[in-house]
Amino acid sequence: MTTPLPRPKRKKKGEGGGSGTLRADREKAGLTGSQDIHALPPEDGELLELDPETISPNPMNMRLELRDMDAMIADVGERGVHTPGIVMHTKVFVECYPQWASRVKHPDRTFILGPGHRRHAAALATGRVMPAVLRDDLARDRRVEEELVSENNSRAGLSPIEQALAIDLLRQRVHEDEDRALSFDEVVERAGYTAGTVSKYLALLKLPQDVQQAIHIGDLSMRAGYSLSLLKDADGKKESPEAHTLQLRGWQLMRDEKLSVEAAKNRVALEGQQQFHAGKSPAAPVAVPEPREESSAQTREDQAPSGATPKAVTSPSDGGETGQGETAAAPAAVAVIETADGAAPAASPAPVVDPEVLRKAAADQRDLACRLLLAEERFAKGAESNARLVTVVLNPNEWKQAAAKAHGWLVELKKGPSSKKRPTDYFAAVAVSEDSGLMHRAAFAIGLAADEVRAAQPDRAWDARDVAHVQFLATSRASYQLSEWEQQQVELLSRGKQ
């Protein structure tokens, strides 16, 4: 048995016509001793005990589903609903929100909910009464949207898409004193979020439905979804069919190949350049800074590890595979990657620098990308690893330098027998270790190192193998961003083939 709720206080005599006593009010209403005082006409702010069958859900509720209901139903069944919801008279709500009238699920019921849909569903499931505070004033003042958004801010369990839908509902409402929609600043103020967070939430609603569903069920973080929303078509649009195709492709790469959002966006940009493998110069993908989350909707991070150079690579948090040479059909539009603040990167004249200094700087950044890639548990697909090892086997002169660099990487990453100081001793120990994972990692490291040693050699022009090497790093989980010098090498190779 639940403890009975306290009876509502009535107006005192002289304050709106009340007689000053509950007994007098009951007698005036013609109620007998067995009838409940709540049969009297209720007043705003009055606490009521209602049969949940007299309450209709609110069509403005942006919850796509009521989650974790088993625990809620068990608790309500044992103890009752101990936190009151908010209700309005259905007639008052429909009069004040005629645009929602056709979407009221049970227009014949006396009341309609504000906040409290999970509690209402649990009360219906258990047959318990539903305590609720009457707030017709919310409908009259047209503040129902704000009340729903405010409750969402204080409750866990809502997905980023549900939060975004609630904010969008507030954005569409009409100002209570003027015949106009709320301005963005008014939405920000009434939603209780920062302007940046409101912008990020609303951007999620511009993504394709499949991507929105992935965010809603937790397969894709709000941060990654917002980053994908920055992909635009060739005309700079984010909501066109072509832009949605690019955004879907990015999500598919993240899901199927376990790429980070930045690596997926790099791959999308490169796939849009149909002549990349032939040596044509692609438009350099612009690194998109990950937005800083300002709400509890953040579920995971896609940031570079401590000590990494953010502009060089981005190391994601979840494991994955990637490979070179797996080219999907190029989309009709070329991906345009926007920076987080929407501004195009400013062009500035490049200072005159020794080309070898630029080569060395690019090599240092690629070296970091290689180490970050080797640090992952799933660093490459078998075919990619085998292709690199074959290259080394067929070029035995590359073995010594490649083994030395690979040994340095692996020892630094604490992979394998760190006591072996010489590369030959190290790889001999790995070969007899019976650790297949370590052996594959070591073999891939040697092949990767061979490509990197070759690309870093001074006084040589790049060829197709060098281009394939940087393309692999850009589209792998290392999310490598080509430097200006590397772009120049790709351009030189392209001109030479024309």
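Predicted model: local features only at pLDDT ≥ 70, side-chain atom pairs only at ≥ 80, totals over all residues.

At the start of helix α14, a side-chain oxygen of D354 comes to within 3.0 Å of the backbone nitrogen of E356.

Which residues of α14 are buried? They are R359, A362, A363, R366, D367, L368, A369, C370, R371, L372, L373 and L374.

I turn now to the strands. Strand β3, residues 85–89, is mostly covered, with four of its five residues buried. This strand has two pairings to consider. With strand β5, residues 130–134, β3 pairs in the parallel sense over three bridges. Within β5, V133 is the bridge partner of I86. With strand β4, residues 111–113, the pairing of β3 is antiparallel, again over three bridges. Here H89 has F111 of β4 as its bridge partner.

Next, the aromatic residues. How many aromatic pairs does the structure hold? There are six aromatic pairs. One of them is formed by Y426 and F427, an edge-to-face pair at 5.0 Å centre to centre with 90° between the planes. Both partners lie under the 20% cut-off for burial: Y426 has a relative accessible area of 0%, so Y426 is buried, and F427, at 11%, is buried too.

A further pair is that of W462 and W485. Why is this pair edge-to-face? The ring centres are 5.3 Å apart and the planes stand at 90°, so the pair is classed as edge-to-face. W462 lies in the loop between α18 (436–456) and α19 (464–475), whereas W485 belongs to helix α20, residues 484–497, so the pair ties together parts that are 23 residues apart in sequence. W462 counts as buried, at 5% relative accessibility, and W485 is likewise buried, with a relative accessible area of 6%.

To return to Y426 and F427, these two residues form one aromatic cluster together with W399.

Finally, there is a contact between a charge and a ring. K200 lies over the face of Y226, at 5.8 Å from the ring centre.

Thank you for your attention.

Technical notes:
Residues numbered from 1 in each chain as written. Heavy atoms only, no water. Buried < 20%, exposed > 50% of the residue type's maximum accessible area, 1.4 Å probe, protein only. Pairing = 2+ DSSP bridges. Polar contact = N/O pair within 3.5 Å; in protein donor to acceptor, adjacent residues only side chain to side chain. Phe/Tyr/Trp six-rings, centres within 6.5 Å; stacked < 30°, edge-to-face > 60°. Lys NZ or Arg CZ within 6 Å of the ring centre and 35° of its normal.
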